[in-house]
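Here's a quick briefing to read with the model open.

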Amino acid sequence: MKLVAGNSNRALAETIAAYLETPLTKAVVRRFADMEIFVEIQENVRGEDVFVVQSTSFPTNDHLMEVLIIIDALRRASAKRITAVLPYFGYARQDRKPGPRTPISAKLVANLITHAGADRVMTLDLHAGQIQGFFDIPTDNLYSAPVMVRDIKERFELNNTMVVSPDVGGVVRARALAKRIDAQLAIVDKRRERPGESEVMNVIGDVSGRSCILVDDIVDSGGTLVNAADALLARGAKEVHAYITHGVLSGGAVARITASKLKELVITDSIQPTEAVRVARNIRVLPIATLIGEAIARTAHEESVSSLFD
Ligand code: R5P
């Protein structure tokens, strides 16, 4: 097995490599003067089972192009099988046409990865499970739930805890987590008139006196989260925490969350945390490398990946 890392989340790739006791394959990914990307794999990969670790996070287009070029280099170097390991799959939120004459960019990105030469894809908490179907190659969608559930069980009194979906679209994800910790579920009715601006319309479920855990796949501007936390506290919640897989945290998101009434936001390191995230008073990062490393090991040995989530 060979592991190749792009530049988006080197720290995660190195921790995965340590878990697998497999050093990262020597490769250079650098820029020409005009910022075109150049890749050179500096070890023989002929006939190898290669896993390329790259989150297509900010700057999304650069990181996406980088992984496409790495895959192309590996294919031309006769790798036997190439798995694109995308802990964060950017463009996932553009998974349908929101209006006439708009793209389905998640499908376009799936096509690009496939046509570059990937044989398999592994990703984590896809924005919508059906994006798996955008790929015509085997695609494993891993779940961070076991990692989050372990953390929640260590910290919460579960009989007074309520899991909350911050919008109707996230109900399936939140319900799955609520089931794992045997907690009740509440739902925030969120509307989004414009991208990046959300407004809470209603809360479905009685949250008064409860410790609430908001569960979502992405925190981007933080608007959804902060508005949901305010709405829950206004309806008598004791405190509000959030467990969210991908800390996109664009623009002023970290400042917004630090200034909010949210007790704690827990994210994974699927996206490399910035310094601002690392020092934020109410943001904590859960490492995800063991889960991804184990899924890679099982894929390499042709063993069950789904049993990781039983
Ligand atoms: C949307 O459906 C996603 O699941 C997240 O709720 C959304 O991306 C969060 O965005 P923001 O933090 O900008 O409100």
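A pocket here is worked out on a 1 Å grid over the protein atoms alone: it is an open set of points with protein on both sides within 12 Å along at least five of seven lines, while a cavity is a set where a 1.4 Å probe fits but cannot get out. A molecule sits in one of these if more than half of its atoms lie within 2 Å of its grid points. With that in hand, the space taken by the ligand is the largest pocket.

Keep in mind that this is a predicted model, where local features need pLDDT of at least 70 and side-chain atom pairs count only at pLDDT 80 or more, while totals for chains, interfaces and linings use all residues. Residues are numbered from 1 along each chain as its sequence is written, and side-chain values use heavy atoms, with hydrogens and water left out.

**Around the ligand**

- The ligand is surrounded by 14 residues, counting a residue as near if one of its heavy atoms lies within 4 Å. The closest are D216, D217, S221, G222 and T224.
- By residue class, the shell splits into 2 nonpolar, 5 polar and 7 charged. Charged covers Asp, Glu, Lys and Arg; nonpolar covers Ala, Val, Leu, Ile, Met, Phe, Trp, Tyr, Cys and Pro; the others, Gly among them, are polar.
- Strand 9 (184-194), strand 11 (211-219) and helix 6 (223-234) each give the shell at least two residues. The largest share, 4 residues, comes from strand 11. Helices (H or I, at least four residues) and strands (E, at least two) are DSSP runs, numbered from the N terminus.
- Ligand oxygen atoms lie 2.5 Å from a side-chain N or O atom of T224, 2.6 Å from one in the side chain of S221, and 2.8 Å from a polar backbone atom of G222.
- Taken alone, the ligand exposes 370 Å², and the protein buries 89% of that (areas by the Shrake-Rupley method with a 1.4 Å probe).

- Most residues other than glycine have a negative phi, and most peptide bonds are trans.
- The F58 to P59 peptide bond is cis, with omega near -5°. P59 lies in the loop between strand 4 (49-53) and helix 2 (60-76).
- D125 is not a glycine, yet its phi is positive, near 40°. D125 lies in the loop between strand 6 (120-124) and strand 7 (139-142), and counts as buried because its relative accessibility is 10% (buried means under 20%, exposed over 50%, partly exposed in between; 1.4 Å probe, protein chains only).
- L249 also has a positive phi, about 45°. L249 is in the loop between strand 12 (239-247) and helix 7 (253-258), and is buried at 11%.

- The Q54 side chain has a polar atom 3.0 Å from the backbone oxygen of H63, and a polar contact of 3.1 Å joins the side chains of Q54 and E66. A polar contact is a pair of N or O atoms within 3.5 Å; within protein, one must be able to donate a hydrogen and the other to accept it, and residues adjacent in sequence count only if both atoms are side-chain atoms.
- K2, in strand 1 (residues 2-5), counts as buried at 16%, and its side chain makes a 2.9 Å polar contact with that of E43.

Technical notes:
On a 1 Å grid over the protein atoms alone, a cavity is a set of points where a 1.4 Å probe fits but cannot get out, and a pocket is an open set with protein on both sides within 12 Å along at least five of seven lines; lining residues have an atom within 4 Å of a point.
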